[in-house]
Amino acid sequence: MANFSLDLDIALTQLTERLLTQDQTYAKTYVMAKGQLYRTELRLCPVSPSELPADL
C-alpha cells in the first residue's frame, strides 16, 4: 500500500499545476465521503524558501 502522505502530496501537486496552468489560485467544490458532504477549498499562496519549516 502506498504512503498516504505521499499520495496526498502528489495529488495536491497535480491539482496545483492544473490550477496554475489556468491562472487560478483558488478552487472550491463539494465532495461526498462516507455518506457525508464536505466543502473542499484550496488556496495557493506563494511562499519564499525562508518561510519553509526547517524539517521539510
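This report describes a predicted model of one protein chain, from its overall layout to single residues.

## Overall layout

The protein chain contains one helix and two strands, and when it is read along the sequence these elements follow the pattern α-β-β. The radius of gyration is 14 Å, which is well over the 10 Å that the globule rule gives for 56 residues, so the protein chain is more spread out than a compact globule. Along its principal axes, the C-alpha trace spans about 40 × 35 × 15 Å.

Buried residues make up 5% of the 56 residues, and the accessible surface comes to about 5400 Å², of which 57% belongs to carbon and sulfur atoms.

## The helix and its nonpolar patch

Helix H1 covers residues 4–21.

Phe4, Leu8, Leu12 and Leu15 together make a nonpolar surface patch of about 370 Å². An α-helix has 3.6 residues a turn, so residues three or four places apart point the same way. Leucine 8, one of the residues of the patch, lies in H1 and is partly exposed, with a relative accessible area of 39%.

## The loop between the helix and the strands

After H1 comes aspartate 23, whose phi is positive, near 55°; this is a positive value in a residue other than glycine. Aspartate 23 lies in the loop between H1 and E1, and at 71% relative accessibility it counts as exposed, because the cut-off for that word is over 50%.

Glutamine 24 is found in the loop between H1 and E1 as well, but glutamine 24 is partly exposed, with a relative accessible area of 34%. Although glutamine 24 and leucine 44 are 20 residues apart along the chain, their C-alpha atoms are separated by 8.5 Å.

Strand E1, made of residues 26–33, and strand E2, made of residues 36–43, pair in the antiparallel sense over eight bridges. Two of the facing positions can be named: methionine 32 has leucine 37 in E2 as its bridge partner, while tyrosine 30 stands opposite arginine 39 in E2.

The hairpin of E1 and E2 has two residues between the strands, and in this hairpin lysine 34 takes a positive phi near 55°. Lysine 34 has this positive phi although it is not a glycine. It lies in the loop between E1 and E2, where, at 87% relative accessibility, lysine 34 counts as exposed. Glycine 35 also lies in the loop between E1 and E2, and at 67% relative accessibility glycine 35 counts as exposed. The C-alpha atoms of glycine 35 and leucine 56, which are 21 residues apart along the chain, are separated by 35 Å.

## The salt bridge

How many salt bridges does the structure hold? There is one salt bridge in the structure, and in it the side chains of glutamate 41 and arginine 39 meet, with a distance of 2.8 Å from N to O. This pair qualifies because 2.8 Å is within 4 Å, the cut-off that applies to a side-chain nitrogen of Lys or Arg and a carboxyl oxygen of Asp or Glu.

The two partners can also be described by their accessibility. Arginine 39 is exposed, with a relative accessible area of 53%, whereas glutamate 41, at 44% relative accessibility, counts as partly exposed. These two values fall into separate classes because exposed requires over 50% relative accessible area.

Terms used
Residues numbered from 1 in each chain as written. Predicted model: local features only at pLDDT ≥ 70, side-chain atom pairs only at ≥ 80, totals over all residues. Heavy atoms only, no water. Buried < 20%, exposed > 50% of the residue type's maximum accessible area, 1.4 Å probe, protein only. Pairing = 2+ DSSP bridges. Helix = DSSP H or I, 4+ residues; strand = E, 2+ residues; numbered from the N terminus. Patch = residues over 30% accessible without salt bridge, like charges linked within 9 Å, V, L, I, M, F, W, Y side chains within 5 Å. Areas by Shrake-Rupley, 256 points an atom, 1.4 Å probe, with all protein chains shown as cover. Rg over C-alpha atoms; globule rule 2.2 N^0.38 Å.
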